[in-house]
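Please look over the sequence and the model before reading on. The briefing below goes through them topic by topic.

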Amino acid sequence: MAEDSDLERTESASPRRLEDARSKGNIPRSRELNTFAILIVGGTGLLMLGPKFSAGLLDLAQHWFTFDRSSLEHTDQLWSSFMDAVITVLMLFIPLMVVLIIAVLAAPMSIGGWLFSVEALEPDFGRLNPLKGITRMFSVTSLVELAKAVLKAVLVGSVGYWVVMSKQDEILSLVKEPVTGSIPHMAHMLAWTFILITGAMAFIVALDVPFQLWDYYRKLRMTKEEVRREAKESEGDPMLKGRIRAMQREAARKRMMSEVPKADVIVTNPTHYAVALVYRQGEMRAPRVVAKGSYLLAQRIRELGEENNVPILEAPPLARALYKHAELDQEIPTTLFSAVAEVLAYVYQLRSYNKEGGPMPQLPTDLPVPPGMDFEDDTA
């Protein structure tokens, strides 16, 4: 399919795609780096511990090739000597083995981190497909692996030839040295030769590590359609999210409108804004906004207020200030306490008048709305 073509995969792998690949055990790896780390650490260890190895092996050889009549007649002594020799050899090589184990664990962590994945152990029968195998044979990765193999053969062969030719006289002189001197000398030469040949592989490692990182991220690249599909899966379908938000707004509006009949007063603009307030003395520290809206919603708030006999007061500056600065289900700003207090005082007087009669309360005018709290509305 065209979607699977590398030409179509122009987008970098997303964090989710990288995490999915990692969970499946697919992380960048460089076999050349791992091999180089093990060989160079092993060679350095042999060079540093060479005198100790050669001295220990020499003592072991002298001990094993020295017999007395009593040891030949008692086989239990032979077994005891054999076990002593095994323990001696283990003690000689344990430090080197520990360092090699550290190199084995540290090398992969330097490029892709250390990872254990059960999915990587599952059988993948797709790899048995001969068509895919032929495709891999002529892929960029296979060509690079072939070039690395040729380059390794040339480097190792060239460095090995140079070492042998430059040390030819020294190598031939080993036959003239006594055994006690030739073994350490030979071990030292072998260790340095090993390090020089291994060091030549550093050039291959310097080329392989960037290539493996590039190839890893290249194989995980995504098409534009995959990016869009993943965004939908991660963030949700925009249409569905919009519908959910609309439903949430509608539910919030219904809850808000259900509080209007419980309000003590509705302050209006008179037609553009409406804010419903409630105050329960002894239960609330300050008046609270239970509903607010503009235009059609403001009209519906006024209608509900009229249906439920909630006092409605036209106070445009205060209505605009409350609409802008007071949050739903929150106490009003302290700067509006004085103005709202006058409104509530009028509401309480109006209730008393409706119950007991008496002088008609006067509508509050010139409410103390602080400068900056009211915003100018050309349509008001």
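This is a predicted model: local features need pLDDT of at least 70, side-chain atom pairs count only at pLDDT 80 or more; totals for chains, interfaces and linings use all residues.

Residues are numbered from 1 along each chain as its sequence is written, and side-chain values use heavy atoms, with hydrogens and water left out. The protein has 14 helices and four strands; helices (H or I, at least four residues) and strands (E, at least two) are DSSP runs numbered from the N terminus. Of its 380 residues, 31% are buried. Here buried means under 20% relative accessible area, exposed means over 50%, and partly exposed lies in between (1.4 Å probe, protein chains only).

**Contacts across the sequence**

- Among contacts between residues at least 6 apart in sequence, 75% join residues at least 24 apart; a contact means heavy atoms within 4.5 Å.
- Ser258 and Ala291 are 33 residues apart in sequence, and their C-alpha atoms are 9.0 Å apart in space.
- Ser258 belongs to helix α11 (residues 238–259), and at 40% relative accessibility Ser258 counts as partly exposed.

**Helices**

- Helix α6 (residues 140–166) has 27 residues and reaches 39 Å from its first C-alpha to its last, close to the 39 Å expected at 1.5 Å a residue. The expected span is 1.5 Å times one less than the number of residues in the helix.
- The buried residues of α6 are Thr141, Lys148, Val159, Gly160 and Val163.
- Helix α9 (residues 202–219) has 18 residues and should span 26 Å at 1.5 Å a residue; its end C-alpha atoms are 26 Å apart, which agrees.
- The buried residues of α9 include Ile204, Val205, Phe211 and Tyr216, and also Asp208, Asp215 and Arg218.
- Thr198 lies in helix α8 (residues 179–199) and counts as buried at 2% relative accessibility. Leaving aside residues up to four places away in sequence, Thr198 touches Phe36, Leu39 and Ile40.

**Record annotation**

- An unreviewed UniProt entry places the feature "transmembrane region" at residues 33–50, 85–116, 137–164 and 189–214. UniProt positions are given in the numbering used here, feature names are shortened, and annotations may be inferred rather than shown by experiment.
- In the model, residues 189–214 are 92% helix and 0% strand, and the end C-alpha atoms of this span lie 39 Å apart.

**The sheet**

- Four strands form an open sheet in the order β3-β2-β1-β4, with mixed pairing. Two strands pair if DSSP finds at least two bridges between them.
- Why is one side of β3 and of β4 left without a neighbour in the sheet? β3 (288–294) and β4 (312–314) stand at the edges, and each has a single partner strand.
- Neighbouring strands of this sheet are turned by 20° against each other on average, direction ignored.
- Strands β1 (residues 265–268) and β2 (residues 273–278) pair in the antiparallel sense over four bridges. Val267 has Val275 in β2 as its bridge partner.
- β2 also pairs with β3 in the antiparallel sense, over six bridges, and Ala276 stands opposite Ala291 in β3.
- Five of the seven residues of β3 are buried, so β3 is largely enclosed by the rest of the structure.

**Helices on the sheet**

- Helix α12 (residues 296–307) lies across β1, β2, β3 and β4 and runs at about 125° to β3. Axes are lines fitted to C-alpha atoms, for helices over the stretch in contact, and angles run from 0 to 180 degrees between N-to-C directions.
- Helix α14 (residues 337–356) packs on the sheet and touches β1, β2 and β4; its direction makes about 130° with that of β1.

**Loops**

- Asn269 lies in the loop between β1 and β2. At 2% relative accessibility, Asn269 counts as buried.
- The side chains of Asn269 and Arg320 are joined by a polar contact of 3.0 Å. A polar contact is a pair of N or O atoms within 3.5 Å; within protein, one must be able to donate a hydrogen and the other to accept it, and residues adjacent in sequence count only if both atoms are side-chain atoms.
- Tyr295, in the loop between β3 and α12, has a positive phi of about 55° although it is not a glycine. Tyr295 counts as partly exposed at 43% relative accessibility.
- Asn309, in the loop between α12 and β4, has a positive phi of about 60° although it is not a glycine. Asn309 counts as exposed at 71% relative accessibility.
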